[in-house]
Amino acid sequence: MEPPPGAAENSKLRHVEKDVLIPVIMRDRAKELCSDKVQACREEGALAACWLEMPDSAFTKCCKETGFLMVVKCRKENTALKDCLVGYYSDPSFYEECKTEYLKQREEYRATGIKKKKQKITSNI
């Protein structure tokens, strides 16, 4: 079965799409996924063991609580957040998921001329 005419053209990406637009989707999705995974207690040594249901990541919460001392006091939370984000950024399958999502958005835009609005995630808490 042959692909429809123009199908190869529809999946071809420009440099700006590869280098800017898809990484933006990756960053947004990774932040969302990591904020769920890095929810942790701030107790000593319990960062990976204690998961909480909070609207913000442990790093964000730590920064809000400590203010200017966040550089020193939030190292564990920052490291956990960075490790999570780097894990997603370096995952080729995650890139492909985000690329597929981008291609769907681009196809929809080309068909309708209407941009997809960014959805703001709201918390029920």
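Me: Where is Leu21 found?
Reply: Leu21 sits in helix 2. Helices here are DSSP runs (H or I, at least four residues), numbered from the N terminus. One caution: this is a predicted model, where local features need pLDDT of at least 70, side-chain atom pairs count only at pLDDT 80 or more, and totals for chains, interfaces and linings use all residues. Residues are numbered from 1 along each chain as its sequence is written, and side-chain values use heavy atoms, with hydrogens and water left out.

Me: Which residues make the nonpolar surface patch?
Reply: Val16, Val20 and Leu21 make it, and the patch covers about 210 Å². Patch residues have over 30% relative accessible area and no salt bridge; like charges are joined within 9 Å, nonpolar side chains (Val, Leu, Ile, Met, Phe, Trp, Tyr) within 5 Å. The areas come from the Shrake-Rupley method with a 1.4 Å probe, and for residues only the protein chains shown count as cover.

Me: Switching topic. How many disulfides does a search of the whole structure find?
Reply: One. Cys34 and Cys84 form it, with their sulfur atoms 2.1 Å apart. The cut-off is a pair of cysteine sulfur atoms within 2.5 Å.

Me: Which parts of the chain does that pair link?
Reply: Distant ones: Cys34 is in helix 2 (residues 15–37) and Cys84 in helix 5 (residues 75–89), 50 residues apart. Cys34 and Cys84 are both buried.

Me: Left-handed or right-handed?
Reply: Left-handed, because the torsion about the S-S bond of Cys34 and Cys84 is about -95 degrees.

Me: What about Cys98, buried or exposed?
Reply: Buried, at a relative accessible area of 0%. Cys98 belongs to helix 6, where Phe94, Tyr102, Leu103 and Arg106 are buried as well.

Me: What follows helix 6?
Reply: Gly113, with a positive phi near 80 degrees.

Me: Now charges. How many salt bridges does the search find?
Reply: Five, over the whole structure. Each needs a side-chain nitrogen of Lys or Arg within 4 Å of a carboxyl oxygen of Asp or Glu.

Me: What does Arg29 pair with?
Reply: Arg29 forms a salt bridge with Glu97, closest N and O atoms 3.3 Å apart. That pair links distant parts of the chain: Arg29 in helix 2 and Glu97 in helix 6, 68 residues apart. Arg29 also meets Glu101 in a salt bridge, 3.7 Å from N to O. Glu101 is in helix 6 too, 72 residues from Arg29.

Me: How accessible is Arg29?
Reply: Arg29 is partly exposed, at 25% relative accessibility. Glu97 is partly exposed at 42%, and Glu101 is partly exposed at 26%.

Me: And which residue does Arg27 bridge to?
Reply: Asp28, with the closest N and O atoms 3.4 Å apart. Arg27 is partly exposed at 34%, Asp28 partly exposed at 30%.

Me: Which residues are linked in a network of salt bridges?
Reply: Arg14, Glu17 and Arg106.

Notes
Helices (H or I, at least four residues) and strands (E, at least two) are DSSP runs, numbered from the N terminus. Buried means under 20% relative accessible area, exposed over 50%, partly exposed in between (1.4 Å probe, protein chains only).
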